[in-house]
Amino acid sequence: MAADEQNPQTSGYIKGELLHTIFHNEQENFSIAKIKVLATNEEYSNKDIVIKGYFSDLQETAAYNFYGILERHAKFGLQYKVTSYETVVPDTKEGLIAYLSSDMFYGIGKKTAEKIVDVLGDNAVSKILNDSNVLSQVPGLKKEKARSLVETLKENQGFEHIAVHLSKYGIGLKMAQKIYKQYKDEAISILQEDPYQYVFDIEGFGFQTADEIARANGLSLSHPSRIGAGCIYVLQKNIQDGHVYLPVELCAVEVSRLLLHPDLQVTNEMVIERLEALNKEKSIILMDGNVYLPSLYYAEDGVASNLKRLISKPVEHEILTAELLKIIGEIEEEEVLSYGKEQFEAIQKALQSKLMILTGGPGTGKTTVVKGILNAYAEIHNISLNPADYNSSSDYPFTLTAPTGRAAKRLTESTGLPAVTIHRLLGWDGQNGFEKNEHEQLTGKYLIVDEFSMVDIWLANNLFKAIPDDMQVLLVGDEDQLPSVGPGQVLADLLASELIPYISLQDVYRQKEGSKIIELAHLIKQDACEQEALKNDKDFSFIHCNTHQVVEAVTTVIERARAKGVDLKHIQVMAPMYRSEAGITMINQQLQALINPASPSKREIKTKDAVFRVGDKVLQLVNQPEDNIYNGDIGKVVAIFEEDENVDNIEQLVVDFEGKEVVYERKDYANITHAYCISIHKSQGSEFPIVILPVVSAYNRMLKKNLLYTAITRSKKSLIICGQYQAFLRGTQTLDSNRRYTTLQKQLHERLTTVDESEQPVIEEEDMTPYDFM
């Protein structure tokens, strides 16, 4: 029976409110939760019950009718298997207040909801829908909030029927809202006729969900849309592994495996035939035996085209070696330093090249070279390095940038010059667009991009298209670190092409000062790390412990550091993975209890996944350009406000990011997590005075040479490894075998070895944004 045909009088149901979520599978939308039982016609008398089924993001403040059957689990006892569910609009004063003040209605806090119900009564919702002017009777309710409330109520009423029908298939309210926004009243007919269309049109709608709906509706297993949606799903899934494309045959194999069913064998030929049709529809791009999502194909093409454009232009000012030697000598006297031979060669090549790559491990003097390039460029062109000497920022000739906020801050600290994130430099709008592009390019004469190994192909494309012809570019990075989280391996491909001028610094200077951290990093780089190298030193300790002892070992180190007066903000714990008894989640819970325990004097907010408390160290998980806060930034919770303590009448949490305070509402809490322990991937672009690094066999599948190298090189002054020698050594000897499928190197050879540029026209990106299919 369809959900919209069900009612509590004729169907088995339990009316309840969410207590907490026990398990949630994001891909499948399968959840297990405990609810408080408000009413039921089932033979059940307990006050709460565990429910399981396909639903997502149940609101703690809402009531639901869950339809299904009672089942007895062999281990966990009686549970309720949910087949469909619907939100219950409350019919009591208290329930109505909770409903109107829920996250569904932006800007309506509990106090405002109470005023509305006091004035309009228990049938406030129907009164508002009949005549929205009744809200003018509510004292203190601003017109903007009243308008928003009315629009949301009308929208919810408009899609109520659709939401209930979709819940039959385990589609939650948030996804239902996306679907309704896209299709309006056609949502159900499209779902019944071709649910695979949802995979193409609705961001986050999973192939498995569409497949289950299609089978329930009797669609053929060989339906072209099923095969097409499978192709898109496989390509999207492989983005997570960094791939820009898949070979057609491999794509066909993966799609065939995905579509495997006892009643039908989808052959590789059937998949390839569908890929060819999708290519004609421009949903994918087939080229030279490879299959791409369009945004990725255009991104690689754009990077190659713009690199050729930039490199083909001459450097404005050629400098003789003798002249440069004189300038460098003056800089050495002024800065009281002496450049090594390869450092001088790097400075010279950077000044003589339109675009150059500077690489090198820790301690090789990359920062020294970057400062030398800036000073020498200023001397050669007789210009000032001081931004205050220019009338406006657009007149300033130097532009310094990095992928993350922390990396940009490090660049500012090391050079003394202003640096910003790449997203901020390009003016990202928070969605798909950038203010700076091929039509409105960057200003300045010399661009330095630090931590370039972190830049994925999408961001590289947007960056290079915004660089004007007369700007010189220096890309700085360490090729031995982890590649970008996003698709591509831009730095590795540029270096492997051997078509871009580059200098790889080899001489290690800080090692001469006795740094064990630097020594260890280079031993890993050279595949020469053995247990003998793990002996304790003045800046390095290895504390042996097993998996079940990791949390205790880490907390003990923190306790001892605090007892010695070490500022805990200088310490960063990092680990490879979230789950397991030695994972990031468990370590964060224990360190929060140690460093920032609960107290009657400290306010806290409970969410589905965590408890945030004033004083907590937190990590930003997404880019928020409107607040100038970006993925990877670390801050501190400085305040928590209740609904009646701010003008917005909503619960708020305030985080201080090194002087920038950002306000979070409950709907934004998922954008932050605790940062007492962070992932090694999230640490990229950052440095910390003291790093504590657990390394145990429980992490084995994650332990790779580039991961451990990245972790170790985050430490500036002291490194403490807690774990097992063999797990660490095995990791240093394990190469990341996950080859990334990219064609940037090939495209560079095709374009940069072509004499006539007109032979390689730039492909127009027809209605494409760089983050399509993301």
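**Salt bridges, rings and buried polar side chains**

Glutamate 651 is partly exposed, with a relative accessible area of 25%. That value, like the others here, comes from a predicted model. The side chain of glutamate 651 meets that of arginine 666 in a salt bridge, at 3.0 Å from N to O. Glutamate 651 sits in the loop between S20 and S21, and arginine 666 in the loop between S22 and strand S23 (672-674), so the bridge ties together parts that are 15 residues apart in sequence. What is the exposure of arginine 666? Arginine 666 has a relative accessibility of 30%, so it counts as partly exposed.

A search of the whole structure turns up 23 salt bridges. Side chains of opposite charge can pair when their charged atoms come close. One of the bridges joins lysine 409 to glutamate 658, with the closest N and O atoms 3.8 Å apart. This pair links distant parts of the chain, 249 residues apart. Lysine 409 belongs to helix H17 (residues 405-415). Glutamate 658 is in the loop between strand S21 (652-657) and strand S22 (660-665). Lysine 409 is partly exposed at 35% relative accessible area. Glutamate 658 reaches 51%; the cut-off for exposed is over 50%, so glutamate 658 counts as exposed.

Lysine 535 forms a salt bridge with glutamate 532. Here the closest N and O atoms are 2.7 Å apart. Lysine 535 has a relative accessible area of 49% and is partly exposed. Glutamate 532, at 55%, counts as exposed. Salt bridges also form a network, which links Asp211, Arg215 and Arg226.

Now to the rings. The structure holds 16 aromatic pairs. One of them is formed by tyrosine 377 and phenylalanine 398, with 5.6 Å between the centres and 75° between the planes, an edge-to-face arrangement. Tyrosine 377 is part of helix H16 (residues 366-380), phenylalanine 398 is part of strand S10 (residues 398-402), and the pair links these distant parts of the chain across 21 residues. Are these two residues buried or exposed? Both tyrosine 377 and phenylalanine 398 are buried.

Phenylalanine 542 and tyrosine 725 make a stacked pair, because their ring centres lie 4.2 Å apart and their planes meet at 15°. Again the pair links distant parts of the chain: phenylalanine 542 is in strand S15 (residues 540-544) and tyrosine 725 in helix H26 (residues 725-732), 183 residues apart. Phenylalanine 542 has a relative accessible area of 5% and is buried. Tyrosine 725 has 23%, so it counts as partly exposed. Elsewhere, five tyrosines form one aromatic cluster: Tyr245, Tyr292, Tyr297, Tyr298 and Tyr741.

Glutamine 624 lies in the loop between strand S19 (617-620) and strand S20 (634-641). Why does glutamine 624 count as buried? Its relative accessible area is 7%, and buried means under 20%, so glutamine 624 qualifies. The side chain of glutamine 624 makes a polar contact of 3.3 Å with the side chain of asparagine 671. Leaving aside residues up to four places away in sequence, glutamine 624 touches Ile629, Tyr630, Val662, Tyr664 and Asn671.

Lysine 145 is in helix H4 (residues 143-158). A relative accessibility of 16% places lysine 145 among the buried residues. A polar atom of the lysine 145 side chain lies 3.3 Å from the backbone oxygen of glycine 107. Lysine 47 is 98 residues from lysine 145 in sequence, and their C-alpha atoms are 37 Å apart in space.

Finally, the overall layout. The protein is divided into domain 1 (13-168), domain 2 (202-292), domain 3 (301-505) and domain 4 (516-733). Taken over C-alpha atoms, the centres of domain 2 and domain 4 are separated by 39 Å. An unreviewed UniProt entry annotates residues 674-721 as "domain: UvrD-like helicase C-terminal". That span is 25% helix and 40% strand, and its end C-alpha atoms lie 21 Å apart.

Key: Residues numbered from 1 in each chain as written. Predicted model: local features only at pLDDT ≥ 70, side-chain atom pairs only at ≥ 80, totals over all residues. Heavy atoms only, no water. Phe/Tyr/Trp six-rings, centres within 6.5 Å; stacked < 30°, edge-to-face > 60°. Helix = DSSP H or I, 4+ residues; strand = E, 2+ residues; numbered from the N terminus. Buried < 20%, exposed > 50% of the residue type's maximum accessible area, 1.4 Å probe, protein only. Polar contact = N/O pair within 3.5 Å; in protein donor to acceptor, adjacent residues only side chain to side chain. Contact = heavy atoms within 4.5 Å. UniProt positions renumbered as here; feature names shortened; annotations may be inferred. Domains from an automatic or database assignment. Salt bridge = Lys/Arg side-chain N within 4 Å of Asp/Glu carboxyl O.
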